[in-house]
Amino acid sequence: VATSAKTRGTTLGRESVREASVGYAFVALPIASFLIFFMYPLGYAIYISFFEWGALGKIDSVGIGNYRDIFDDFLFGRALKNTLYYAAIVVPAQMALGLSLAVIVNQALRFRTFFRAAFYFPSVAGSIAITAVAAYILSADGILNAGISAVTGSEYNDPWFGQSDTALESIMALNVWTTSGTMMLFYLASLQSIPTDVYEAAAIDGAGSWRTFWKITFPLLKPGHFFVAVVSVIGALQVFDQAFFVSAGSGGPNYSTMTIVLYLYNTAIEGVRFGYASAIGIILFAIIFTLTLIQRLLFGRAEVA
Amino acid sequence: MADEPRDLPPVPPVVAAEQLATEGQVAIGTPPTGIPGQERSERVRRVIVYVLLFFVALLFFIPFFWSVTTSLKTLPESVGFDLLPDDPSIRAYSQAFSAYDFNRYFLNSVFLAALVTTSTLFLASLGGYAFARLKFPGREVLFMLVLGTLMIPNELRLVPVFQMLIDFPIVHVQLLGTYQGYFLINLVTATSLFLMRQYFLTIPKDYEEAAKLDGAGYFKTYWRVMLPLAGPALAAVTILTFQGTWNDFFWPLIIFLGDETKYTLPLGIFQFRTQFYTQWPELMAASVIAIVPIALIYVFFQRYFVAGVTAAGVKG
């Protein structure tokens, strides 16, 4: 009996060693990839943000000089202003549109699947392909101007992406349209987690649908609002593709489409100022990290899934 | 998940009241029904709602519709307000494919998206299985590391990854401008791994135990038992990854800019736009080429898109 128990003990021990080594083998490649292409870059970016760093490596140790320079940098200021302005308009607009669409497709409607598919469709297409379509529609001799000319009776042919007082606003409109479908899906998941008995109670009390929405649904969606807001803000702070496309990377006209990430890209790839670009990246990361952390701490991750 | 049509469960008190009302035994306090005209106004209201909804749906579609019709027009026609071309032709498509190399960009996009999707599927499911089922010291810490990568934005990785690809540490290989470079930094994503792990956690353990009794090893259990049970999660990862790679602009721009033979569709569209500013039919043809494959996948696998997006939402 003693021998068999002992053998059993060692096979169990051997088995758990085997299980552990198989476990390590199975996660080895993903973990290596995350360490090399995420964690190491994070550390590296923090490190070189304290240096003047060029194509051939270290030039000079500048301490927090890069960070101090950022605050006196006219172009960074412009990029920050544009990005915050962009977020201030796009985030509320995306949330409102996303919520409206979600409430609509959450009704007992005919063709509900069709409507949901239609509203989500722009989110499926790639940012560059869709910006090309927008560049056509909003061009000087495009359909939008043709429509405006037809309605007002006077010739209108301003290039929407090509003039500094409408370029960024046009990108805002474009992105509200293309991402509201994604926000709709998040809100839909959140809407469907509301227990139906609260609606029953409201129906018994004779509350109309408008009142039910504002008094019951809207407050109960609080976790959903917060989740969508954070996702939307993070996305807005990272706006790049559309600005790069319409300005061919320059952030023009007159820096009106210069965003933080576009400036970071230009500083790094065109300017080869790696240290300075990394400092910009760290600042952006700090903002995003804080937002994500607040979200996780307040609501946990199971909120929407 | 959230995508199946969900009939609202009948609400007993309300149903009872309605029945009472229609069957004539009107209870005290129940509002009388059958007011003349009410039913009709209700119908009119519904019709208005549907008309509005179709109009909004149309607004969401019109830009795509316009890009398709424009791609079938001639250049002079493309600047007008006419929706449909007088004489539709596929000239713009043949131009895009023959004169502007969009066939090359298309193949590059297909190749990279297929490659990245395959490796992501394999590594995310294998890793997800290990994190969900196998016990090994440090598992929780390593999983925290996976979740931690979700918080690191692409822009922060730009400089370090760019430098790494120019001259890879230790081995000193240049990967900038190569497919290998793109593939290497996109082997697997934390979102996919997370999604797979969560799904494996919901599968009852009985299946594996049966396999274990039959003497199956860990890899065989993963391959023969777990993978076949994880269909919906695998579909969501496939779509999420394929779409992400197909539409990716940021990394191809950084890795391939300057070498047109490596361009993917988004990069090709960008370059075409900067070189041939107002060749609208060709530009729209290129956009249609980039949108249609994803649109088709979306039409056929809609429900997995929903699952993938909602799960990717944890990425933030």
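**Exercise 1. Contacts and make-up of chain B**

Task: For chain B of this predicted model, find what share of the contacts with a separation of 6 or more comes from residues 24 or more positions apart, and describe the secondary structure and burial of the chain.

Solution. 
1. Take the contacts in chain B with a separation of 6 or more; residues 24 or more positions apart account for 70% of them.
2. Count the secondary structure elements: chain B has 16 helices and zero strands.
3. Chain B has 316 residues, and 49% of these count as buried.

**Exercise 2. A helix pair in chain B**

Task: Describe how helix 5 and helix 12 of chain B cross, and which classes of residue make the contact.

Solution. 
1. Two packed helices are described by the angle between their axes and the distance between the axes.
2. For helix 5 (residues 102-133) and helix 12 (residues 231-247) of chain B, the axes come within 8 Å and the angle is roughly 145 degrees.
3. The crossing of these two helices is right-handed.
4. Helix 5 of chain B contributes residues including Phe106(B), Val110(B), Thr117(B) and Leu121(B), while those from helix 12 of chain B include Leu234(B), Thr238(B), Phe242(B) and Trp246(B).
5. Sorted by class, the contact has 11 nonpolar, seven polar and no charged residues.

**Exercise 3. The second largest pocket**

Task: State the volume of the second largest pocket and characterise its lining.

Solution. 
1. The second largest pocket holds about 480 Å³ of space.
2. Its lining has 19 residues; nearest the centre lie Ile137(A), Leu138(A), Ala173(A), Trp177(A) and Pro63(B).
3. Two or more lining residues come from each of helix 5 (127-137), helix 6 (143-152) and helix 7 (167-191) of chain A, and from helix 2 (38-71) of chain B.
4. By class, the lining of this pocket has 18 nonpolar residues, one polar and no charged.

Note on methods
Residues numbered from 1 in each chain as written. Chains lettered and ligands numbered in written order. Predicted model: local features only at pLDDT ≥ 70, side-chain atom pairs only at ≥ 80, totals over all residues. Heavy atoms only, no water. 1 Å grid on protein atoms, 1.4 Å probe; cavity = no way out; pocket = protein on both sides within 12 Å on 5 of 7 lines; lining within 4 Å. Points joined across faces, edges and corners; volume = space filled by probe spheres on them. Helix = DSSP H or I, 4+ residues; strand = E, 2+ residues; numbered from the N terminus. Nonpolar A, V, L, I, M, F, W, Y, C, P; charged D, E, K, R; others polar. Axes fitted to C-alpha atoms, helices over the stretch in contact; angles between N-to-C directions. Left-handed = near helix turned anticlockwise from the far one by under 90°. Contact = heavy atoms within 4.5 Å. Buried < 20%, exposed > 50% of the residue type's maximum accessible area, 1.4 Å probe, protein only.
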